[in-house]
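The sequence and structure are shown first, and the points follow by topic.

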Amino acid sequence: MMIPRIPQKTVRRLIAAEGYLELGMPHQALRELDKVTDPGSLTASFSFLRGESLKRIGRYSEAIKPLQYAADLLPIPHSQLPWKSLGACYRESGQEELADTAEQTADEIASEANIHLRFEPLGSQYNPVVHHEVHLTISIEESPEGEQAESDEDILLENEETEDFGIDPETE
């Protein structure tokens, strides 16, 4: 049996869309997905990412069809996420009974597979505005007398690699 080949562009676009969702950028994810012409054997993943993107921008009614498709295609336990998202879309669309059924299905999948996933917005842990500072502390110990190196180069071992951190010691 020959496995159909998926174009690299398609795979890259799906990975990019997933990355955008993780960063809390559903509009960009949707733009990437709109460029996919044929997801091939990745149709379930494509449908989930499309539905999730639509859900996150508040287009709940439009998100239902791709999420339902993904929930039907994905095997247990992978279908738990689409069912959970589908429940949220039904609820936001005012379809309480369908929301309850979808959420109950997600809970049953979790208990059958003995898994417990947390459902948090993927972008909540990422804040691209945060500025991180790194502090470097260097301790210098004097060597015993008679072991003083003649130059800085003598301090480095022959096979030791050095790294230039872009710091000019003359300006510090």
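A contact here means heavy atoms within 4.5 Å. On that basis, residues 24 or more positions apart account for 50% of the contacts in the chain with a separation of 6 or more. The model is predicted.

**Overall fold and surface**
- The chain contains seven helices and zero strands, and its pattern along the sequence reads α-α-α-α-α-α-α.
- Of its 172 residues, 24% count as buried.
- The chain exposes about 13300 Å², of which carbon and sulfur atoms supply 51%.

**Packing of helix 2 and helix 3**
- Two packed helices are described by the angle between their axes and the distance between the axes.
- For helix 2 (residues 26–34) and helix 3 (residues 43–56), the axes come within 9 Å and cross at roughly 145 degrees; the crossing is left-handed.
- Helix 2 contributes Pro-26, Ala-29, Leu-30, Leu-33 and Asp-34 to this contact, where they meet Phe-46, Leu-49, Arg-50, Ser-53, Leu-54 and Arg-56 of helix 3.
- By class, the residues of the contact of helix 2 with helix 3 comprise seven nonpolar, one polar and three charged.

- The buried residues in helix 4 include Ala-63, Ile-64, Pro-66, Leu-67, Ala-70 and Ala-71.
- Among the elements that cover these buried residues are helix 3 and helix 5 (80–92).

Conventions: Residues are numbered from 1 along each chain as its sequence is written. This is a predicted model: local features need pLDDT of at least 70, side-chain atom pairs count only at pLDDT 80 or more; totals for chains, interfaces and linings use all residues. Side-chain values use heavy atoms; hydrogens and water are left out. Axes are lines fitted to C-alpha atoms, for helices over the stretch in contact, and angles run from 0 to 180 degrees between N-to-C directions. Helices (H or I, at least four residues) and strands (E, at least two) are DSSP runs, numbered from the N terminus. A crossing is left-handed if the near helix is turned anticlockwise from the far one by less than a right angle, and right-handed if clockwise. Ala, Val, Leu, Ile, Met, Phe, Trp, Tyr, Cys and Pro count as nonpolar, Asp, Glu, Lys and Arg as charged, and the others, Gly among them, as polar. Buried means under 20% relative accessible area, exposed over 50%, partly exposed in between (1.4 Å probe, protein chains only). Accessible areas come from the Shrake-Rupley method with a 1.4 Å probe; for residues, only the protein chains shown count as cover.
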